[in-house]
Amino acid sequence: MSSKTDARVGAHVAPEQPLATAAEVGADSVQIFLSDPQGWQKPAPRDDAAELRESDVPLYVHAPYLINVCSPKNNVRHGSRKILQQTCEAAADVGATAVIVHAGHAEDGIQEGVGRWVRSLETLKSDVPVLIENTAGGDNAVARRFDALARLWGAIGDLDTAFELGFCFDTCHAHAAGEDLSDAVERALAIVGRIDLLHVNDSRDPAGTGADRHANLGKGKIGAETLEAMIRAAGPPAIVETPGDLDDIRADIGFVRAALAG
């Protein structure tokens, strides 16, 4: 296994025994949920927290999908800020490398959502980096299309936060958003400066549909050659979030490693 500073290719796995699963599939790192991804529950303390903290395997934590800190609805926005804060605290307890959170959307306009992200980040406290991820769909999504991402990063990129703020790029999400993938990584880099984590996923759906349904690498609508080029352009660290059994995960990790070596 790689150290926490040079890990290259990992996978999203079930949360029960992430280190054992990483060893089974040959992953350099792992990503898990610490609570129900479709719920608002506070993450429960983990019996293996000390083991995870002491491990050399980097552990990424994906925040719940329901988080939307840029919503104009007070209950959604404040609930989102609360569970994001709780997720960051739980991630620190297990020695996580970073927390990944979807950028969300604002029904009353992208600029309003951007402003709420600024206020959310100003109040958030975290002992681990927070990576904002581009999203696949949603009206007035603040990081679906790259013009919106530029508006978001223009507001938060130089924000003086008490923690490291970064960017997670998802290949399936960019495809679902309808972005031209031939230079998508380069255009994202021009906006955000660096990609802190690459989520490598093929897509079950055509481009521009907004559908976030992942497929195994080279077996979806993005295609092998396009994915390989994006992987090389972004570089590691990378996490696959693809469906299937352990053999499928092994194959997708191998796909990413082969692309990086090419």
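Here is a short chat about helix packing and salt bridges in a predicted model.

Trainee: Let's start with helices. At what angle do α1 and α9 pack?

Mentor: Helix α1 (residues 18-25) and helix α9 (residues 246-261) meet at about 65°, and their axes are 9 Å apart. Angles of 65 to 115 degrees count as roughly perpendicular, so that is how α1 sits relative to α9. The crossing is right-handed.

Trainee: Which residues make the contact?

Mentor: On α1, look at Thr21, Glu24 and Val25; on α9, pick out Leu246, Ile249, Arg250 and Ile253. That set splits into 4 nonpolar, 1 polar and 2 charged residues.

Trainee: Now salt bridges. How many does the structure hold?

Mentor: The general idea first: side chains of opposite charge can pair when their charged atoms come close. This structure holds 13 salt bridges. In one of them, Glu107 pairs with Lys73 at 3.9 Å, N to O. Glu107 sits in the loop between β4 and α4, and Lys73 in the loop between β3 and α3, so the bridge ties together parts 34 residues apart in sequence.

Trainee: And where do Glu164 and Arg194 lie?

Mentor: Glu164 is in the loop between α5 and β6, while Arg194 is in the loop between α7 and β7, 30 residues apart. Their closest N and O atoms are 2.7 Å apart. Glu164 is partly exposed at 42% relative accessibility, and Arg194 is partly exposed with a relative accessible area of 42%.

Trainee: Which residues do shared partners join into one network?

Mentor: Arg145, Glu179, Asp183 and Arg187. Within that group, Arg187 bridges to Asp183, with the closest N and O atoms 2.9 Å apart. Arg187 is partly exposed at 26%, and Asp183 is partly exposed at 29%.

Notes: Residues numbered from 1 in each chain as written. Predicted model: local features only at pLDDT ≥ 70, side-chain atom pairs only at ≥ 80, totals over all residues. Heavy atoms only, no water. Axes fitted to C-alpha atoms, helices over the stretch in contact; angles between N-to-C directions. Helix = DSSP H or I, 4+ residues; strand = E, 2+ residues; numbered from the N terminus. Parallel < 35°, antiparallel > 145°, perpendicular 65-115°, else oblique. Left-handed = near helix turned anticlockwise from the far one by under 90°. Contact = heavy atoms within 4.5 Å. Nonpolar A, V, L, I, M, F, W, Y, C, P; charged D, E, K, R; others polar. Salt bridge = Lys/Arg side-chain N within 4 Å of Asp/Glu carboxyl O. Buried < 20%, exposed > 50% of the residue type's maximum accessible area, 1.4 Å probe, protein only.
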